[in-house]
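Thank you for making time this morning.

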Amino acid sequence: MLSKSKIYIFLILLLSFILRLINLNQSFWLDEAAQVIESARPLAFQFQILSDFHPPFYHVLLHFWMYLGQSEIWIRLLSVIFAVLSVYVAYILAKEFTHDKNALVSALFLAIAPYHVWYSQEARPYMLFVLISLFSTLCLIKKKWFLYAFSVILSIYSFYFSIFMLIGHLFYVIFLNRKLMKKYVLSNIIAFLTFLPWMPFFIKQLQNGMFGAFSGWSNVVSVSAMKLIPLTFAKFVYGRGSIDNNIYYGLYILPVMLIFLYSVYIISTDRRGKILLILFFFPLVFAFIASFYFPITAPQRLIFLLPLFYLIIAKAADFAVYSWKILLGVVIITSLVGVLDYYTNPNVQREQWRQAVNYVNSISNPKTSISLFVFPEPFAPIQWYKLNNPALGIAPKFNLTDQDLVRTKELITSKNSVYLFQYLTGLTDPQNKIHTYLRGLGYIQERILNYPGVGFIYIYDKN
């Protein structure tokens with residue numbers, strides 16, 4: 001007969017799976033489309049990922065996963081599986097720090113966490129690393145050194161931010177368990193040696209990320225150092241959504257943040273609590289320091305700390321009075337509101353490229369129309385969803401110049417209709433040269449389409 005704990009964790013895992021199936025059929029957004037295009041290539045090409053600042057493990061896994069299907073639901077299901085497994089491993093890890101009842105609470109928190117739900121549906125390596133990082137930390141705590149070394153190898157081939165996880169592990173060993181130092185160092189040396197074959201590619205990716213991106217791109221893929229920590233906590237509490245009024249937004253997430261800070265205070269005198277605080281705060285602080293030098297830090301890259309965030313709150317229940325149940329209820333309600341916001345708000349959901357492409361295909365004539373993108377090439381979702389009319393990237397060096405416009409004149413003027421996608425033109429054409437140029441060629445703006453995330457699509461017809 002199953003124990004109550006096994007029944008409860010099964011129900012929590014079932015809940016986490018169901019929550020992650022809702023809205024799974026969204027359109028691929030820019031990064032996901034680029035990911036699936038790359039993973040659909042032959043196996044040998046899975047290691048040629050210069051433009052994607054990630055290691056190759058997820059690319060390879062998704063490559064084989066896509067042999068069985070290429071729909072949005074099927075491709076994202078891989079991340080859903082990783083996510084549900086991470087809830088279970090988080091529960092097992094929590095039992096090393098707190099009572100089984102509170103471990104179940106921490107698992108429930110993670111199961112309904114809006115940030116975790118959102119990235120559980122992302123065809124990117126985030127949930128893979130959340131799972132591996134939890135398993136790696138569990139192996140370290142339980143002193144399973146062979147599995148720990150293996151998990152570290154998987155982590156560094158899954159996500160470069162694993163370095164911050166390992167920093168947390170290092171300071172745990174230094175401050176609270178120095179007798180583990182030799183085995184910790186040996187495990188990481190073994191892992192580092194396995195990473196050496198990939199090191200040249202990593203250096204190229206880093207150089208491309210630091211110096212190959214166009215002006216303003218770093219502001220899109222990262223946040224400023226001073227915003228990193230407060231924004232990370234805000235996302236941990238409420239997810240990808242936000243409230244338009246920043247004051248109301250701050251007031252809404254404040255109760256959970258106060259509960260978290262109080263939890264930090266409560267558990268700081270307990271040895272197991274100190275371990276949790278080291279594992280959470282040292283990666284966060286070092287990521288903050290790194291953000292001053294590398295424009296690649298963003299809250300989603302710190303999502304591996306989210307299970308520890310909730311475990312700290314659940315751990316505090318070991319010492320709290322009866323009213324703590326009310327505070328735990330506040331955390332649950334806040335999370336559920338964030339999840340509901342994601343389910344119902346198109347602006348929190350992914351970019352609607354599939355809908356935009358399907359509609360443009362339905363109203364355009366491939367022989368007499370053309371779609372323009374102020375970018376070196378049409379965006380990845382355009383390629384994946386197969387826009388019917390000719391698609392042209394007109395800014396080969398990201399910054400649209402007069403010479404770029406002259407080069408595309410012949411292709412444009414032979415068409416009766418032009419569909420201009422405004423996506424990212426604030427970076428590549430801040431002066432709106434393309435609009436002025438089209439009007440100078442005799443085109444008149446007839447309609448404007450608007451799709452959440454994609455933005456405006458301007459339809460120009462010849463006068």
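**Cavities and a buried strand**

The largest cavity is lined by Leu 93, Ser 133, Leu 134, Thr 137, Met 165, Gly 168, His 169, Leu 279, Pro 283, Phe 304, Leu 305 and Leu 308. Please keep in mind that this is a predicted model. The volume of this largest cavity is about 90 Å³, and the search of the whole structure finds three cavities of 30 Å³ or more. Helices α7, α9 and α15 each supply at least two residues of the lining, which comprises eight nonpolar residues, four polar ones and no charged ones.

The second largest cavity holds about 40 Å³ of space, and its lining, which also includes Leu 93, draws most on α4, with three residues. Here the division is six nonpolar, one polar and no charged.

Let me return to α7, where we find Ser 136. Is this serine buried or exposed? Ser 136 counts as buried, because its relative accessibility is 0%, and among the residues that it touches are Met 165 and His 169, both of which also line the largest cavity.

Finally, consider strand β3, which is largely enclosed by the rest of the structure, because five of its five residues are buried. Ser 417, Tyr 419 and Phe 421 point one way from β3, whereas Val 418 and Leu 420 point the other way. β3 pairs with β1 in the parallel sense over five bridges, with Leu 372 opposite Leu 420, and five bridges join β3 to β5 in the antiparallel sense, where Tyr 419 stands opposite Ile 459.

Note on methods:
Residues are numbered from 1 along each chain as its sequence is written. This is a predicted model: local features need pLDDT of at least 70, side-chain atom pairs count only at pLDDT 80 or more; totals for chains, interfaces and linings use all residues. Side-chain values use heavy atoms; hydrogens and water are left out. Helices (H or I, at least four residues) and strands (E, at least two) are DSSP runs, numbered from the N terminus. Buried means under 20% relative accessible area, exposed over 50%, partly exposed in between (1.4 Å probe, protein chains only). Contact means heavy atoms within 4.5 Å. Two strands pair if DSSP finds at least two bridges between them. On a 1 Å grid over the protein atoms alone, a cavity is a set of points where a 1.4 Å probe fits but cannot get out, and a pocket is an open set with protein on both sides within 12 Å along at least five of seven lines; lining residues have an atom within 4 Å of a point. Grid points are joined across faces, edges and corners, and a volume is the space filled by probe spheres set on the points. Ala, Val, Leu, Ile, Met, Phe, Trp, Tyr, Cys and Pro count as nonpolar, Asp, Glu, Lys and Arg as charged, and the others, Gly among them, as polar. Lists of a residue's contacts leave out its neighbours within four places in sequence.
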